[in-house]
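Student: I would like to learn how to read a protein structure. Could you walk me through a few features?
Tutor: Gladly, let us look at it together.

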Amino acid sequence: MVRRQIVVVFLGLALAMFLASLDQTIVATALPVIAGDLGGLDHLSWIIIAYHLASASTMPLWGRASDLYGRKRLLVSAVVVFLLGSALCGVAGTIGELIAFRACQGVGAGGMITLAMAVIADVVPPRERGRYQGYIQLLFTVSSVVGPLLGGLLADAFSWRWVFYVNLPVGAVALAILLTRLRLPVTRTERRVDYPGAALLVGGVVCLLLVTEQHVWGLLLAGTVLLGTFVWWERRAAEPIMPLRLFRRPVFLVVVVALFLTTCMLFAVLIFTPLFLQKVVGASAASSGLLLLPMTVGITLSTVLSGRMIARTGRYRRYPVIGLAIVTMTVFLLSRLSAGSSQLTVTLDMLLFGIGFGLVTQVLVVAVQNDADRADIGIVTASANFFRSLGGSIGAAVFGAVFAGALYGGVAHAVDVVFLVALPVAVLAMVTVLFLRGRQ
């Protein structure tokens, strides 16, 4: 594809990716309004949990199926499922219906996130992938920051149902672009998707995520058994859903571990920095969200510049190493916040964190795609996104538990403890990427 065609296709991919990522956070500020309309206050958190569970657990299935049957038709299917789920969420009459329809949304989102990034590897030359993956990562971060603000505005100005209806026109544009402009070879194969392996993986992941969210410890045993059975099955499956041979590739192993750890830290920053600003510094909910924008600025600068440098030189290993060194230093600075800290101090910390973070994730995705065989592009991209999503869910739950346990010393103290716990996670991520093989 020529550059003009790539730009048009990328617009469709970016819109799909933005919607899937936006719906991870857009519902948060509308939850009180939803509870007032539908009731079910004790089940309200499941509106968010159902989406994350469905999205994370189906990513490997979408990725592997796309390697076998072709990515265009599955990406289009994922967008359709997401839009159907969005429309049904908008007309939900009970809290149970809304939770079920959010799970439908999540299934589609898992495919949109995974396949959009895999299609980039199909249509963009290896040297150029860093630039485009950087734009995707920027969309992911912007949506995480903008989501809560947009959700609150829509719920206040119109109705909470517009939090879901807003997806329909944007998604329709993305769908039209993908249907008319995306040209990929049609894959036909007699091989079958490993549905038993997919069921075991989904069941095990769901159980473990439910342990972190609901603290039902009997699920820990169930999740362990299911994942152990999954490993046993994958050794014998003809077409495994997540081939264990991938974990014998050093680049793949380094990337998934680093992405898991880095996303854990991202969610600690996204959750607890606004909380600190509101409860300790005295910022409003809206202004605390706006104070996260410097992080987006930092990510924009570092992703664009590193993407251009990678395109020019073909070298990428140094960027995640430098980026995680910056992230580690910033997490240390965040652990020293106090009641006397100013909004300017937090703003500078956010800018610094964004610069470091922007040098990491998109480069790691490029590294794992460049290292993969062509037949495995879908599954390695899906696996990278799977571990990144898993890191966000587990990080949010674990750091939330740390915060709750330290809250007796006050909010400022509890936030400091969260970032002190995150500090060794940052150090481990930095040490991990030192083992990344590839272009220096």
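Tutor: We start with a term: helices (H or I, at least four residues) and strands (E, at least two) are DSSP runs, numbered from the N terminus. This is a predicted model, where local features need pLDDT of at least 70 and side-chain atom pairs count only at pLDDT 80 or more, while totals for chains, interfaces and linings use all residues. Residues are numbered from 1 along each chain as its sequence is written, and side-chain values use heavy atoms, with hydrogens and water left out.

Student: How many cavities of 30 Å³ or more does the structure hold?
Tutor: First, the general idea: rolling a probe the size of a water molecule over the atoms shows where empty space is left. On a 1 Å grid over the protein atoms alone, a cavity is a set of points where a 1.4 Å probe fits but cannot get out, and lining residues have an atom within 4 Å of a point. Grid points are joined across faces, edges and corners, and a volume is the space filled by probe spheres set on the points. Here there are three cavities of 30 Å³ or more.

Student: What volume does the largest cavity have, and which helix gives the largest share of its lining?
Tutor: The largest cavity has a volume of about 120 Å³. Helix H17 gives the largest share of its lining, five residues. Helix H3 (46-69), helix H11 (250-281) and helix H17 (377-406) each supply at least two lining residues. Among the residues of this lining are His52, Phe140, Phe267 and Arg388.

Student: Which helices each supply at least two residues of the lining of the second largest cavity?
Tutor: They are helix H6 (126-157) and helix H16 (361-371). H6 gives the most, with four residues. This second largest cavity holds about 50 Å³ of space, and its lining includes Gln133, Phe140, Val365 and Arg388.

Student: How many salt bridges does the structure hold?
Tutor: A salt bridge is a side-chain nitrogen of Lys or Arg within 4 Å of a carboxyl oxygen of Asp or Glu. There are seven in this structure. In one of them, Arg64 pairs with Asp67, and the closest N and O atoms are 3.6 Å apart. Both residues lie in helix H3, three residues apart, about one turn of the helix. Arg64, Asp67, Arg71 and Asp122 are linked in a network of salt bridges.

Student: Why does Arg64 count as buried?
Tutor: Buried means under 20% relative accessible area, exposed over 50%, and partly exposed in between (1.4 Å probe, protein chains only). Arg64 counts as buried because its relative accessibility is 5%. Asp67 is buried too, with a relative accessible area of 11%.

Student: Which parts of the chain does the salt bridge between Asp371 and Arg249 link?
Tutor: The side chains of Asp371 and Arg249 meet at 3.0 Å, N to O. The pair links distant parts of the chain, with Asp371 in helix H16 and Arg249 in the loop between H10 and H11, 122 residues apart. Arg249 also meets Asp373 in a salt bridge (3.8 Å, N to O).

Notes: 1 Å grid on protein atoms, 1.4 Å probe; cavity = no way out; pocket = protein on both sides within 12 Å on 5 of 7 lines; lining within 4 Å.
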